[in-house]
Amino acid sequence: MAQTFYALLKKHKIDKNKKFLIKKGDSSILGPYNAAQMAELIKRGDVKEEDYVSEYPREKWHNIALHPLFYDIILYILDEGEIPLKRKTELKKIVKNPQLEKEEKTEKLKTLEKPQGEKTVVQKVIPPEKAPHKPKQAAPKRKKILFLSLLVIIGIYFLTQKKEESSYLIIELPPQKVEKINVEEGDSLFGEGLQYYSEDNFSGYKKAVKLFLGSLKNNPDQPGKALSYLFLTYSELWDLTSQRKEDKEKLLELLTRIQSGNSQFVEYFITNALFEIKITKDLFQASKILKEALQKYSKSAYLNYLLGIVALEDKDTMAALQYFDKSIQLDSSFIKAYFEKAKLYLVRNNIQLAEESFQEALDIKPDHIGTQLELSIIQYLHRKELSVARDNLKNILEKKDMLFPTQTAKAYFYLGKIFQDIKSFDLALKNYKLALVYDPKNTLYNEAYTQLSAGGELALPDFHKQDLSYFINLGQIHLKQKEYHTALQKFQIAQALDSKNFEPYYYLGEIYSHTETRNVEKAIEAYENAVRFKANHGPSYLSLAHLYLEQYNLKKAKDLLRRSEKLVSDTAEFHFTSALLFERGGQSERALNEYEKTLSINNAHEEALWSLASLWTQKKDYGKAEVYLKRLIQIQPENYKAYVKLAEYKLLQGFPQSALSYLQNLIKNSPHNAVFYAGLGKIYFLSDKQKLAAEEMTKALGKDSQNIFVQEIVAEYYKSQGNRILAYGALKNMQTLQKYKTSLYYDAAQLLVEEAQNTFSNSVCGEYRKQCELNKILLPQNICVHLLKSCHDENGNEVLSKMRTLYQEAHNNLQTLIGTPHKQGLNPQYPEAHFLMGEIYSGMGEATASIKEYQKEIEINKQTENNIDLSIVYLKLGDSYYFSNRYKDAIQNYAKAIQMNRDLEGAYLKLGVSHFFSNQFDVAESYLQTAKKHQPEEPQIYYFLAQIYKYKDQKDQTIEALSDFLRVDPLTPLRSIIAQEIEDLKKF
């Protein structure tokens, strides 16, 4: 198989390492994958017929079915035969070969009709595996025309075809003989089949067919009832077969086998009559058969029921009613007769009698799905019980496997009608669309859908504009009740009714800002639309400012707050947002002042109370912090995090026993509260009682492992123990609980980067890189070779593998946070996220990528004024250039770093070395002398000073610098060389 696959690649001149991208239906892009990986994805079903492929890194998209290589790959997979039948059917649809179709189907592919007045262009469709390669010099326009023509041909082909055979119910005949008869198994399966048949619903009939077939496969010689019931079940499902000649012939053969047995039992006549009613549509012959049978079997409820069906088809409703009544009289449990009688009453508009008859059917069989559906429609149409009917229809559709497709369509249609009546037009449209999926030719459903839509989108007529306030008010009610998805639907309708009204946009922004419907990008867009249509809408400016603060865009938030000041400066939210801005900008005193103003307007502002407690904690004024926390607990008695913080304050103020007693009493009163156990564990680990801390953490996780605050404390505990991997596990759990909390992804990535750096630096590989790659002092070659060999032994390779895994996982977390070129992240401007990404690339030795990320961090800071320490970013950017021997660029960035922070350790040394290698010895000496004041024990300083003095022919200074080098690094591999050099200098 492997040889066959690679031969296929060779045929298409594709290198086995060539990469491809996949574009999904939602426009998301996956990959890159090599051809073998693509084949596996296609085989698994992860690549669909509507997906597109492109060679990587170009993005030139081709439908998977129209790409010659992947067409052949699909054929190859089908030939393998080791895939599920369902997937095989799907793949066959993709690669349907016109040459293998029947002659009449092929004819439909030969011509492509043009608009009136134009010539018909005959297109020959060549299967992709035989299609010649197009010459490279072919004009793009011609390629596009050919491609579009092929798509149109395929479209016409599929539109003009009937349903695929696989989409119909297949009529299977039982064998006439078997090698071994199993009477007991046959009887058992037949009895089970009768139970499903009596359910009188779609899934019951499908199961009955299988069981009757199984019964006859075990005992084909059993009495004719098994054959008869198989025929009866097929007749119930007849409308779902292809109804072609071959289907009719199969049923005729089955009927012949029934009649070849004993013609003296009632099923002989029932099946014969049903064949005429259902298959040949010969009602006269059916009536003749039934009346003849009735002379022999006058007490047969089924015969009378069928005569009623024939009368109904003949529009003789009086006769039909009499036959149905007679059927019920003969068998009071014959549910089909009740059901048809009730439907007849509906036709005659006698709703009360119809309802009574349906109810009688339900009394016999309470779970009869067809009756439940009809009664629900009566509740809607005639009783006007909209909410009851709606709930009943929803419940019925939850069991739609029991419904025939036409019944499912009917349920969706009337559910749509109800939603339209209560003016939930979006849901009405959705249900009309579903009705058409199950019954696409129904003109009533199509008309309802068309009236409410244009091109598939909600398009309400102008007279509905008066309903705008109705939907806004209804949406507000749902919003207050935190029914966000329902509120979203109402405001979307309001927006469709008047696309220039600011209110729907404002409330859409409010909904998208909540966790349950979180989408910051959409929220910002909605608020911006609100102020576009109402320039003085203060709440929208304020909400926008708050969102930009969440995104750490202080510059934008500051501008929006300034614009909202004249409009909402007297509100608590204005002062609270202002306080957040000051706090993020490092102006804690102004932040405190604004938080206090917030409380003066709204003394129960929970976020302001928490923020004040946090700020006073940073200032180590735990007494003041405690005051605000106690006020918060009065308002939010279930804010368990606040109780734990209070215990922490007691500990930090020097009362450890008081902190423990406080939490132990809380546990005594609330023995199942996981947060209190976690809090007690925190007090223990802050008190350096690690064993007790571990015990309490275990209890907390046992009580409630899904509590975000418990996981937060557990992460703190593991970090305090230096166990970054377990701490990361806790953060991953927190991400599943609060997937929109951006800091969780940054913190997780930071932990992994620290672990990777620590793992590497403490290994031989780290020593090699430090001494032989990053250290600008040239060591003897044999030492570097030895370190390199040690790095690439079994242990070294294990370290490298672990490091790469950690960096990759950190990279994944950051991609969730800041996004990728193809996918929006939670916050592309998150402070220091790109810096951390630069650290990852730097650790992996990818200098170009790290430089790009550090530069991105600097650019984001300029755009957002997010107040991070850029001196470190410039320092790391300088390092990337420095270690790449790009000294000119390194010098520029180190200079900027020092300009921002004169005490920045490390920059002066590297500036000196950079100038040294740039042959600027005087400047290099100056920076190295400054570095000596900051790092007097750094060997590199003395080594390069010695080289400068040597160049300047200053013997005494050279000897002194070399001696200092040996003093601060007595174990240097250069010791003997340097010592000899000092001796030689002293001789002259």
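I use "buried" for under 20% relative accessible area, "exposed" for over 50% and "partly exposed" for values in between, with a 1.4 Å probe and protein chains only. I note that the model is predicted, so that local features need pLDDT of at least 70 and side-chain atom pairs count only at pLDDT 80 or more, while totals for chains, interfaces and linings use all residues. Residues are numbered from 1 along each chain as its sequence is written, and side-chain values use heavy atoms, with hydrogens and water left out.

**Entry 1: the disulfides**

I recalled that a disulfide is a covalent bond between the sulfur atoms of two cysteines. In this model I counted a disulfide where two cysteine sulfur atoms lie within 2.5 Å, and I recorded two of them.

Which cysteine is bonded to C765? The partner is C791, and the two sulfur atoms are 2.2 Å apart. C765 belongs to helix α39 (residues 764-774) and C791 to helix α40 (residues 781-791), so the bond ties together parts that are 26 residues apart in sequence. Helices here are DSSP runs of H or I with at least four residues, strands are runs of E with at least two, and both are numbered from the N terminus. C791 has 5% relative accessibility and therefore also counts as buried.

I then turned to C772 and C784, which form a disulfide with sulfur atoms 2.1 Å apart. The angle about their S-S bond is -100 degrees, and the link is left-handed. C772 lies in helix α39 and C784 in helix α40, so this pair ties together parts that are 12 residues apart in sequence.

Is C772 buried, partly exposed or exposed? With a relative accessible area of 22%, C772 is partly exposed, whereas C784, at 11%, is buried. When I numbered the bonded cysteines in sequence order, the pairing read 1-4, 2-3.

**Entry 2: A286**

I found A286 in helix α12 (residues 283-296). The relative accessible area of A286 is 0%, so this alanine is buried. Which residues does A286 touch, leaving out those up to four places away in sequence? I listed A273, E276, I277 and V310, where a contact means heavy atoms within 4.5 Å. A286 and A273 are 13 residues apart in sequence, and their C-alpha atoms are 4.7 Å apart in space.

**Entry 3: aromatic rings**

I paired rings of Phe, Tyr and Trp (its six-membered ring) if their centres lie within 6.5 Å; planes under 30 degrees apart are stacked, over 60 edge-to-face and the rest tilted. The count came to 44 aromatic pairs. I also noted a cluster linked by ring pairs, with Y882, F883, Y887 and Y894 among its members.

K384 lies over the face of Y380, at 6.0 Å from the ring centre. I found R967 over the face of Y942, also at 6.0 Å from the ring centre. A charge sits over a ring if NZ of Lys or CZ of Arg is within 6 Å of the centre and within 35 degrees of the ring normal.

**Entry 4: the chain**

I recorded 50 helices and eight strands. Of the 988 residues, 47% are buried.
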